[in-house]
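Hi there,

Here is the structure I promised to pass on to you.

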Amino acid sequence: MADLSPLWLTMQLAGTTTFFLLLLGTPLAWWLATTKSRVRPVVEALTALPIVLPPTVIGFYFLILLSPTSPIGRFWVETTGETLTFSFTGLVIASMFYSLPFMVQPLQSAFQAIGRAPLEAAATLRASPLDAFFTVAAPLAGRGFLTATVLSFAHTIGEFGVVLMVGGNIPGKTKVISIAIYEHVETLRYTEAHQLAGGLLAFSFIVLLAVYALNRRIPVHVG
Amino acid sequence: MSAKSLKLSANISFDGHDIEFDEVISLSGITALFGPSGSGKSTLLRVIAGLEKGGDVEVTYNGDVWASTVKGIFLPPHKRPVGMVFQDDRLFPHLTVAGNLTYANKRSPAVDNPITLDQVISALDLSALLDKRPLTLSGGEKQRVALGRTLLTQPKLLLLDEPMSALDIRRKAELLPFLEKVPSQFDLPAIFVSHAIDEVARLADEVILLSPIGHVSTRGPIPEIFDTEEMHDFTGRFEAGTFLEVMVTGQNHEFQITSLDFEGETLRMPMVTSLDIGDRIRLRIRARDVAIGTRYPEGISIRNAIAGTISEIKPEPKAAFAEVILKVGNQSLRARITRQAVSELGLKTGQPAFALIKSVSFDRRVMISALD
């Protein structure tokens with residue numbers, strides 16, 4: 001039987017990454033959807049970069065950015081005593097960038113589809129902008145949130161190149177499922193590779209199926 | 001208590017021209033901002049609500065500055081005590097009708113004698129709709145909910161942004177009575193934006209007429225405003241007419257006729273059952289529905305022949321028509337007849353004449369009951 005700790009670690013990484021991406025991606029998507037600023041296309045392009053760049057390129061730059069010789073990496077070592085590279089935290093940071101477009105783009109489209117009208121109405125009903133966001137925009141963008149969360153989670157599970165570059169292959173710490181499978185295949189342990197790969201396939205399918213079925217059963221009222 | 005007023009100055013570029021508006025709007029009754037599409041009247045309403053940020057504006061409500069570009073003051077929309085009904089209903093689709101009403105109720109400020117949920121539900125006849133989703137409502141029902149929802153914010157001023165323009169004639173007729181009674185029932189001043197003359201005539205106490213490029217061309221109380229050149233330029237001579245103030249004197253159930261006293265003369269119109277004897281009402285009579293006779297007519301189906309004196313004859317240049325103004329007591333009637341008729345009948349200023357009004361020409365839609 002294959003060691004299941006990579007599976008558990010993968011879930012932790014995807015869960016943590018998705019959670020922080022929700023916190024970071026929601027305001028960013030909101031800003032992109034509502035701003036009239038001229039820097040918007042620049043930010044949009046930056047956000048979309050991970051879609052076109054090979055994961056190795058992202059991984060390479062994050063390896064440099066997070067290494068103890070860079071200001072960020074050094075600061076982290078000085079404050080926590082641990083390195084960012086080859087650590088779970090480093091993986092989360094790199095994964096967040098890697099999955100950023102999958103969080104931001106569905107949310108941005110959802111917010112844009114809602115438009116200004118409902119929020120203006122909320123404002124005339126004495127709701128502050130933050131209040132209006134949580135009570136009107138967020139519920140109306142429910143489908144967008146669902147899509148963004150599922151895509152970010154699934155995309156983080158599927159990552160390989162970035163993780164390998166930034167995290168390496170440390171069991172229990174950075175050895176996620178895709179890397180474990182790769183290792184099993186490299187060492188010709190196909191049975192274990194099958195167990196992990198098949199398990200991941202089944203899990204991903206069940207999650208997606210559940211989400212789409214739920215989305216159909218409880219349609220979010222928009223428009 | 002002194003009369004409340006709203007001072008609105010706005011210099012905003014809109015739709016390729018600059019709106020220039022600088023007026024004091026008295027906060028009693030319903031004031032209509034009336035003008036063609038694109039004149040920027042909705043934008044002015046949005047400036048009052050705080051939904052427009054651009055341009056050079058000043059909004060002062062009873063001495064409280066809500067916005068002033070010069071002083072750098074901008075009170076955000078959710079802190080302004082206005083209730084707004086939009087052209088599109090803007091109900092929250094993820095909440096039921098009850099949820100929409102509660103949304104406003106929960107956020108309303110504490111005031112003396114607040115408007116309660118029960119009052120709103122009964123005034124706007126919403127009890128059957130409470131559990132429904134907005135998407136399942138008709139256009140008129142949606143606007144009723146929207147109006148009720150905004151009342152629950154305990155506003156001090158209602159802003160109605162073409163609330164009927166998205167509705168067909170039947171839905172409009174359903175909604176109109178509610179729009180008519182709500183401001184007075186809850187003692188709320190309202191500013192009403194419209195480009196439909198019948199809505200303005202029926203609802204408004206005062207009219208501010210905007211030109212197509214967003215300048216104030218004239219303003220004044222109804223009915224006087226409808227006699228001005230500026231108004232005729234806008235509505236066209238075809239729609240030109242006068243308002244008469246009359247009193248209900250009788251209801252004939254056999255013939256289904258309501259009799260009215262107009263400066264001592266009797267007018268008759270198809271019966272309006274909701275009227276009571278003694279009610280003072282306003283009628284609008286279009287000039288094109290009035291004919292002129294030099295003698296009292298006989299053997300003719302028209303029942304309304306009003307004796308008066310011709311006070312003015314205005315030929316329309318390069319057209320077949322002329323407008324004849326007939327003074328009856330303290331009020332006037334307009335008749336739009338051909339210049340040929342003026343000439344052949346030998347009509348002259350100062351001459352007595354009869355105005356012949358077809359009963360059916362009374363425009364029920366613009367009738368306002370209980371002026372006093």
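Below is what was found, chain by chain.

A word on the ground rules: this is a predicted model, so local features need pLDDT of at least 70 and side-chain atom pairs count only at pLDDT 80 or more, while totals for chains, interfaces and linings use all residues. Residues are numbered from 1 along each chain as its sequence is written, and chains are lettered from A and ligands numbered from 1 in the order in which they are written.

Let's start with chain A. It has 11 helices and zero strands, where helices (H or I, at least four residues) and strands (E, at least two) are DSSP runs numbered from the N terminus. The C-alpha trace of chain A spans about 65 × 45 × 30 Å along its principal axes. Of its 223 residues, 38% are buried, meaning that 20 or more other C-beta atoms lie within 10 Å of the residue's own, with C-beta atoms placed from the backbone. Among contacts in chain A with a separation of 6 or more, 73% are between residues 24 or more positions apart; a contact here is two residues whose C-beta atoms, placed from the backbone, lie within 7 Å.

Now for the place where the chains touch. Chain A puts in 16 residues and chain B 22 residues. On the chain A side, helix H6 (117-124) and helix H7 (129-140) each supply at least two residues, and H6(A) gives the largest share, six residues. That side has 10 nonpolar, four polar and two charged residues. For these classes, Ala, Val, Leu, Ile, Met, Phe, Trp, Tyr, Cys and Pro count as nonpolar, Asp, Glu, Lys and Arg as charged, and the others, Gly among them, as polar.

Chain B is divided into domain 1 (5-235) and domain 2 (241-366), with bounds from an automatic or database domain assignment. Their centres, taken over C-alpha atoms, are 34 Å apart.

Chain B also holds an open sheet of five strands, in the order S2-S1-S4-S5-S6, with antiparallel pairing (strands pair if DSSP finds at least two bridges between them). Why is one side of strand S2 (17-26) and of strand S6 (73-74) of chain B left without a neighbour in the sheet? Both stand at the edges, each with a single partner strand, so there is no neighbour on one side. Two bridges join strand S5 (residues 64-68) of chain B to S6(B), and Ala67(B) has Phe74(B) as its bridge partner in S6(B).

Enjoy exploring!

Technical notes: A residue is buried if 20 or more other C-beta atoms lie within 10 Å of its own, exposed if 12 or fewer, and partly exposed in between; C-beta atoms are placed from the backbone.
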